[in-house]
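Here's a quick tour of a structure for you to follow along with. Have the sequence and the 3D view open side by side.

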Amino acid sequence: MPGRPDDPGRSSGLREADPASGARDYGAVLLTGLLQTGLQYTLFYIGLSNTTGVKASIINGSGSFFLALFSHLWFKDDPLTVRKSAGLIVGFLGILLVNVHGRHLDFRMTLTGDGFILLSALCSTLALIVVKKTGVRVYPLLMSAYQMISGSVMLFLLALFFDTPTVLNFSPASIGLMAYLSFLSATAFSLWYVLVLHNRLSSIAVYRFLIPVCAVLLSVLLIAGEHLQWTAVVALLMVCMGMVLTSRV
């Protein structure tokens with residue numbers, strides 16, 4: 001487990017955290033749902049439709065820097081040391097390598113494209129700050145469930161302004177796929193929130209760099225015609241190096 005628990009007294013398990021209670025905790029859950037599910041997904045997918053996948057992956061990687069910086073500003077026991085900064089930079093260079101090698105990258109910026117991807121990363125970071133601050137009172141698995149439900153309601157209501165539900169055509173295959181993706185998202189958020197509760201944010205920020213690297217590796221394994229490039233292997237090693245650096249104070 002990267003980093004160290006914020007409070008050694010909590011290391012015995014998660015049972016000491018109570019379910020959400022009180023207006024403040026419910027407000028935190030709704031705020032997390034707005035930021036993590038509502039705004040993040042809205043901004044990300046609109047931005048992705050107006051920029052390239054390469055640029056989106058690189059810009060989205062800035063979320064790790066936001067997470068480390070904001071954690072340094074909000075939590076006194078989570079300083080942004082030279083070692084952690086070096087680990088984040090090494091991990092980010094790995095993302096650049098796996099995305100830019102052999103591809104064209106332009107530096108034109110658009111608000112509804114690259115700007116929305118950047119805002120999406122910022123929303124995700126702010127949501128994790130809320131989760132970290134309320135984690136001692138709100139059980140992480142409940143926080144994950146409640147924020148996904150509230151955020152999904154926000155997304156559905158927002159979608160009604162742009163189209164009607166009649167455009168959706170459900171089939172057994174599509175319903176099964178939606179259930180599978182929902183399970184993956186719920187599991188990922190729940191595990192991530194547990195990590196957020198028990199570790200310093202600046203120490204686990206670099207782990208987010210694994211997402212695009214793993215996407216490349218899984219594409220090689222699951223998609224016909226994809227081949228493993230040396231850049232993916234080097235990028236994975238660089239991200240692992242970043243993990244080692246950031247996991248130590």
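What follows is a short briefing, starting with the overall picture and then going topic by topic.

This is a predicted model, so to speak of local features a pLDDT of at least 70 is needed, side-chain atom pairs count only at pLDDT 80 or more, and totals for chains, interfaces and linings use all residues. Residues are numbered from 1 along each chain as its sequence is written, and side-chain values use heavy atoms, with hydrogens and water left out. The chain holds ten helices and zero strands, where helices (H or I, at least four residues) and strands (E, at least two) are DSSP runs numbered from the N terminus.

**The chain as a whole**

- Of the 249 residues, 39% count as buried; buried means under 20% relative accessible area, exposed means over 50%, and partly exposed is in between (1.4 Å probe, protein chains only).
- Take the contacts between residues at least 6 apart in sequence, and 89% of them join residues at least 24 apart; a contact here means heavy atoms within 4.5 Å.
- The accessible surface comes to about 13,800 Å², with 72% of that belonging to carbon and sulfur atoms; these areas come from the Shrake-Rupley method with a 1.4 Å probe, and for residues only the protein chains shown count as cover.

**The largest pocket**

- About 1,600 Å³ of space lies in the largest pocket.
- On a 1 Å grid over the protein atoms alone, a pocket is an open set of points with protein on both sides within 12 Å along at least five of seven lines, while a cavity is a set where a 1.4 Å probe fits but cannot get out; lining residues have an atom within 4 Å of a point.
- Grid points are joined across faces, edges and corners, and a volume is the space filled by probe spheres set on the points.
- The pocket has 39 lining residues, and those nearest its centre are Asn60, Ala188, Arg208, Ile211 and Pro212.
- Helices that give two or more residues to this lining include H1 (23-48), H2 (53-60), H3 (62-74), H4 (82-100), H5 (111-134), H7 (172-198) and H9 (210-222).
- By type, the lining splits into 25 nonpolar, twelve polar and two charged residues; Ala, Val, Leu, Ile, Met, Phe, Trp, Tyr, Cys and Pro count as nonpolar, Asp, Glu, Lys and Arg as charged, and the others, Gly among them, as polar.

**Helix H6**

- H6 (residues 140-160) has 21 residues and reaches 30 Å from first C-alpha to last, close to the 30 Å expected at 1.5 Å a residue; the expected span is 1.5 Å times one less than the number of residues.
- Its buried residues are Pro140, Met143, Ser144, Gln147, Met148, Ser150 and Gly151, and they pack against H1, H5 and H7.
- Ser150 has a relative accessible area of 12% and so is buried; leaving out residues up to four places away in sequence, Ser150 touches Val29, Leu30 and Gly33.
- Pro140 is buried too, at 3% relative accessibility, and beyond residues up to four places away in sequence it touches Tyr193, Val194 and Leu197.
- The C-alpha atoms of Pro140 and Ser190 are separated by 6.4 Å, although the two are 50 residues apart along the chain.

**Helix H7**

- The 27 residues of H7 should span 39 Å at 1.5 Å a residue, and the end C-alpha atoms are 39 Å apart, which agrees.
- Phe189, Ser190, Trp192, Tyr193, Val196, Leu197 and His198 are the buried residues of H7.
- Their cover includes H1, H3, H5, H6 and helix H8 (201-204).

**The cavity**

- The structure holds one cavity of 30 Å³ or more, and the largest cavity has a volume of about 30 Å³.
- Val131, Gly135, Val138, Pro140, Met143, Tyr193 and Leu197 line the largest cavity, with H6 and H7 each supplying at least two of the lining residues.
- That lining is made of six nonpolar residues, one polar and no charged.

- Asp114 sits in helix H5 and is buried, with a relative accessible area of 2%.
- Not counting residues up to four places away in sequence, Asp114 touches Thr51, Lys55, Ile59, Arg108 and Met109.
- Leu80 lies in the loop between H3 and H4 and counts as partly exposed at 29% relative accessibility.
- Setting aside neighbours within four places in sequence, Leu80 is in contact with Ala68, His72, Ser85 and Leu88.
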